[in-house]
Amino acid sequence: MKRKKSGLWLFAVVLSLVLAVGSAWAQETIKVGVVGPRTGSAAATGKAFEEGIKLGTDYVNAKGGVLGKKLEIVFEDTAGAPDKAASGFERLVTRDKVVMVLGESVSSSALAEIEVADRFKVPFIVVEAWADPITAKGYKYVFRAGPCNSGVVSETIAKWVVAEKFKRAFIVAETSDWGLGIAELSKSALTKAGVQFEAMTTERESKDHYTELNKIKAFDPDVVLAYIYGSGLHYFVAQAGEVKLTPKAIILDGAGPPSLWPDFWKNVGDYGNLECFVSSMHEKVELTKLATEYREAYQKAFGTPPTDYKSRSIFDSILIAADAINRAGSTDADKLVDALEKTSLLVTRGTVKFGTEKGGTEYHQWMPPMLVIQWQNKEQVVLYPPEAATGKLMR
Amino acid sequence: MTDRRFFVILFVAVGLLSLLPLGLGVYHLHVMIVSLFYVMMASSWNLLAGYTGQVSFAHAAFAGIGAYTSGILAAKFGLNPWIGVFIGTILAALIGLGMGILCLRMGGIYLSLTTLGFSEILRIVITNEYEITRGTMGLQVPGLVADYSKPAYFYIMLGGAMLTLIVLYKLIYSDIGLNFRAVQNDERAAASLGVDVVRMRVLAFTVSSALAGMAGGLYGHYLLLITPEIPSLDQQFLVLSMTVIGGMGSFLGPIIGAISLEIFSEYIRAYGEYHVLVFGLVALVVARFAPNGLMGLAEHRLRGRRKASRTVSAAAG
């Protein structure tokens, strides 16, 4: 009995020591939250985020961390669903007490999250959710260090369609805030450019696109602007090949990452050849020295070169957050917003500067340069912009 | 249980719970608010499955009807959310009544299949009619209180749960409740004694649907965002698990099941995808070792202790 009692005492002492050490260690870090889909049809983005988080925290902590403490990232899975995104964001703020939140790649989720950020007054840097209203709503605590729909359409997609002299285009958009938003902007841009087009919507999770593809084939387009995110795009590309819509028509994946995910070639087979996609990353188009450093660090850590550009986007946002915390000299939300508004930081995609004029998408927005790339015999060839092109469109 | 005893216990419990906002932080208060939503859902589903033996898979769908009715009326037509919740409750009751009249003569597996089909149809309609419902993008709705406040929502949900439990208690411990149990135990025997079996079933279905509609409406305005997740089958199975694990057919079981499983699911959320697996394992273990749920287990223990103490006192005497 005595032995049992002393065993219990020992256990209690060890447990309290572990807890004490744990809480002491916890005080030595500053927590920043990351939201993104780690499960669901866009789970590959979550994996890309995890890779970028590892490299980003290593980079920041190797340079002294934030406010003399180590930076700690807490990742909350949103499963690509707005309700889970909003509750996950709230959990980061109320349970984990993070000082700032970064991430997201699904616009509908981000639109739910910005409401929570606004309610709890927590700075939120959106990384890869493109819907215009995210910044156009003019929320003080919401920033975006990544592409927005209007920027991608006006600066890249519409100009590329004109440059390639496409005469007929078909727009297929998933029924999401990103898909419907970018489709509307594309319609306006194509009308302005005098390109004939037709458009339709599709269900994001749909695995069967044959009905839509037959209608598209009947229109006989030169290019199909496919605004479908997740593994749904793989079904679309493979079935477009089966109904022989491609290679006569060129498909542009208007998001990018699904064409770069590891299972892309397994799912689409040879039908993936000549497919085009939007991206902000190509090893021959590295705008800064940090981009090269990032590629080398990625290769060293994971044994392969980086593919999904969203790993680099979250890496950049971690650097932006750390820089703002250090310049603010505090974790106070309003001081962080002030510091973010004054950001002028060189990251892998260029120099970050957020717009400060209210009343449009440009408010708290920094738009990185985007590329149009084509798969040519499983090699990535940059087509647009012309100054970055590494080859010509193959049909 | 006498009326007096029930109300004393209820008001003492509500009084104690009312003190929680003084001691709990924002996060823990959120967990309690969600728990209260599940108390409403599991208790009202228990009226169907536990007291009249009708296994419906449309309970979450009725919560969705309440949430979307109230949400659309508030977001698109600017109607006061409280009036919206009331209309949502009435609409859920009417659809429940209509569905009850149509399919409750069938009973058994046919009722389960019909409600399963209804649930899925509703999900597809909500997802596809995105111009009205915003589908999977989620419908942002105004709150029930002007300034967002967790304690205010806690008291609102506590009030909703209290109302649900009073309605259920009054129904279960009345002549109608006696008829419910008679229908559950042996519907032929009940019918031979003059109990209108179908009418009893329709009544239970309508009341249960209305309570789910009210719970959904309140919950939607708490989340400020309504998505097809509310009327999903995932949500339905969660409510089912809570009732079964807590103890189906007992008044207290679903309450204990809802609160304990919601708290438990918050703890195991860190395991990501595995948290569903852990949840399933717990349900399996409970089903194997405590088929009457946690309440059944507690009653068994209590009975065992009483028996033991009687034996001891008899031996001493």
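Of the 317 residues in chain B, 46% are buried. The model is predicted. Chain B touches chain A through 18 of its residues, which meet 19 residues of chain A. Chain A has an assignment into two parts, domain 1 and domain 2.

**Overall form of chain B**

- The secondary structure of chain B consists of 15 helices and 2 strands.
- Along the principal axes, the C-alpha atoms of chain B occupy a box of roughly 75 × 55 × 40 Å.
- Among contacts in chain B with a separation of 6 or more, 76% link residues 24 or more positions apart.

**Interface between chains B and A**

- The contact involves 18 residues of chain B and 19 residues of chain A.
- On the chain B side, helix α3 (residues 26–49) gives the most, with 3 residues.
- That side of chain B comprises 8 nonpolar, 8 polar and 2 charged residues.

**Strand β6 of chain A and its partners**

- Strand β6 (residues 168–174) of chain A has 6 of its 7 residues buried, so the rest of the structure largely encloses this strand.
- β6(A) runs parallel to strand β7 (residues 196–202) of chain A, and 7 bridges join the two.
- Within this pairing, Arg168(A) has Gln196(A) in β7(A) as its bridge partner.
- Together with helix α7 (residues 177–193) of chain A, β6(A) and β7(A) form a right-handed β-α-β unit.
- β6(A) also pairs in the parallel sense with strand β8 (residues 223–227) of chain A, over 5 bridges.
- In that pairing, Ile171(A) has Leu225(A) in β8(A) as its bridge partner.

**Domains of chain A**

- Domain 1 of chain A covers 28–147 + 287–363, and domain 2 covers 150–279 + 371–388.
- Taken over C-alpha atoms, the centres of domain 1 and domain 2 of chain A are 27 Å apart.
- Contacts between the two domains of chain A involve 16 residues of domain 1 and 18 residues of domain 2.
- On the domain 1 side of this contact, α2 (43–62) and α4 (107–120) of chain A each supply at least two residues.
- α4(A) gives the most to that side, with 3 residues.
- By class, the domain 1 side has 7 nonpolar, 6 polar and 3 charged residues.

How values were computed
Residues are numbered from 1 along each chain as its sequence is written. Chains are lettered from A and ligands numbered from 1 in the order in which they are written. This is a predicted model: local features need pLDDT of at least 70, side-chain atom pairs count only at pLDDT 80 or more; totals for chains, interfaces and linings use all residues. Helices (H or I, at least four residues) and strands (E, at least two) are DSSP runs, numbered from the N terminus. A residue is buried if 20 or more other C-beta atoms lie within 10 Å of its own, exposed if 12 or fewer, and partly exposed in between; C-beta atoms are placed from the backbone. Two residues are in contact if their C-beta atoms, placed from the backbone, lie within 7 Å. Ala, Val, Leu, Ile, Met, Phe, Trp, Tyr, Cys and Pro count as nonpolar, Asp, Glu, Lys and Arg as charged, and the others, Gly among them, as polar. Two strands pair if DSSP finds at least two bridges between them. A crossover is right-handed if, with the strands pointing away from the viewer, the path from the first strand over the helix to the second runs clockwise. Domain bounds come from an automatic or database domain assignment.
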